[in-house]
Amino acid sequence: MGRSGYPSQPDSPSRQLMLELTRDLEQLRVHNSELKKVKAYERRSFYESLDRADSELEAQHNAALDKVAARHEQVLEEAEETLRAYQRAVEEEARRKQEEARKEAERKERERAEKLRKEQELARMKAEREAALKAAEEAKRKAAEEMERQKNQKQLGGGRLSEEEIKTHQRYVELHQHLKKFRQYLRDQGKLNPIIKQNMGDMRRSIKKCVGQLREGKGVNKNQTQEIRTTLERAASIAEPSVDIRQFIAFPPENIAKSDDNKVPALLIYGLNILAKSLISSLITEASINQGHAEPIGIVAAQIFSTEAFLYKGVHMVDILWAKYRVVCPALWGFYGNEKTEAGRRALGWWRDGGSDGPFVSEQAHADRMTALGAGFAALTLRNFGRTQRKNPFPNTLYWFSMHKILNIPVAEIQETHVTLLSAMLRSSAERIVGFFGHIGLALMRKAIVELPANLPRQSMAVNQLKLLKDLYQREKNIII
């Protein structure tokens, strides 16, 4: 059936009731929904009101806080400024006190420095006065010592020597004492440095061995001489310890005396000193028995001391040897004295047993020593350097000077020592004297061999030996005096 345009007929009462109930429920739902909206609006409005109130209150609080913070900031700045001002005041006060303390310290330091300066000035002036007084006293003492020394030298056989000759001899005696101190210095160094001690021992043993092996004859001592030279060259290559060479040259030339750099190896000086001592010791031991032993001593000494490697700026180091020679035999340089007195024996170089305080050796022992030393002096000073480029370390003029000094002693004061020395110096020297000095040398020998013995008031064994040289020269050398 089709639908009609007319309203439908009402449903049944239950359905009607259901519809009404549904409508009521729908209206109730709508009402509840509206009511919720109202409540939500009211709640939103309430919270918005609260938010506005809170915002306003927060704004008020924030404004109050900002005001308080601004005040606090202001108070803080004022407090900080006050603090800064206080700190500035404290710092200023501290600086002022520091400045005052500094100025006070400077004042005290100035006062202390001034006091110290015055004390030092007073001390310096006092020291200068004391030094001046001490220097004056020292000069006075040295002058007195010099006068006493010269007086003693005059008394000890130097009466006929010039003041310059006495000073020269005294300088060599001082050099001899210095060499003793020098050897002790090296021994002390050897205790600290075993290498130095070993080198010293090796050098000493080598040199003494070689000198002890020297014999007469041409070319027989070549190996010994070479070993001595090698030993000294090795010593010269050891630069330290070093010493001032001016201490070991009796009278250094101006170019050395005024030079600032004069260092030489100490072991070289030590080696030359040991050589000089060994030569003289061997001379006394051997040449007293056989005067011919003086010849190899003279040859070795001349060869070593003339070697270029052992010269210093062209100067020979022979003063090391002459210092010892002058001490053991001053009579060669013109000293004299009565042999019967202690002072005279000291003047002549009469040796003592056991040191300077020991007893004098016997007359025969003294004569043997003088024989050896006289022969050795001639062997040293009558060497011919005409065929070599080397410079003679022992000029022949030294021989002439010694003969001249001895022969010019008054006959009454000539001692057996002088006669013994003359005999030893002349015995093997005739040909060399004639070769070096010609007719003047013959006159010198005549005065010593003929005229002096004839004028002597005594005819001792030494005088007779001197006289016998005239016949010896004529028989063996064909030299007529």
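This is a predicted model: local features need pLDDT of at least 70, side-chain atom pairs count only at pLDDT 80 or more; totals for chains, interfaces and linings use all residues.

Reader: What is the angle between α7 and α10, and how far apart are their axes?

Author: About 40°, with the axes of α7 (residues 294–305) and α10 (residues 363–381) 8 Å apart. Helices here are DSSP runs (H or I, at least four residues), and strands are E runs of at least two, numbered from the N terminus.

Reader: Which residues make the contact?

Author: Ala294, Glu295, Gly298 and Ala301 come from α7. From α10 come Ala375, Gly376, Ala379 and Leu380. Contact means heavy atoms within 4.5 Å.

Reader: Switching to rings. How many aromatic pairs does the structure hold?

Author: Twelve. Rings of Phe, Tyr and Trp (its six-membered ring) pair if their centres lie within 6.5 Å; planes under 30 degrees apart are stacked, over 60 edge-to-face, the rest tilted.

Reader: Which class do Phe182 and Phe248 fall in, and why?

Author: Their planes are at 70°, so the pair is edge-to-face; the ring centres are 5.0 Å apart. Phe182 sits in helix α2 (residues 163–192), and Phe248 in the loop between β1 (242–244) and α5 (254–257). That links parts of the chain 66 residues apart.

Reader: Are Phe182 and Phe248 buried or exposed?

Author: Both Phe182 and Phe248 are buried. Buried means under 20% relative accessible area, exposed over 50%, partly exposed in between (1.4 Å probe, protein chains only).

Reader: And what about Trp322 and Phe377?

Author: Tilted, because the planes are at 55°; the centres lie 5.7 Å apart. Trp322 is in α8 (residues 319–328) and Phe377 in α10, so the pair ties together parts 55 residues apart in sequence. Trp322 and Phe377 are buried. Ring pairs also link Trp322 and Phe377 with Phe305, Tyr325, Trp333 and Phe394 into a cluster.

Reader: Now backbone. Where is the cis peptide bond?

Author: It joins Glu240 and Pro241, with omega about 0°. Pro241 lies in the loop between α4 (222–236) and β1.

Reader: Which residue other than glycine has a positive phi?

Author: Lys313, with phi near 50°. Lys313 is in the loop between α7 and α8. It is partly exposed, at 46% relative accessible area.

Definitions and conventions: Residues are numbered from 1 along each chain as its sequence is written. Side-chain values use heavy atoms; hydrogens and water are left out. Axes are lines fitted to C-alpha atoms, for helices over the stretch in contact, and angles run from 0 to 180 degrees between N-to-C directions.
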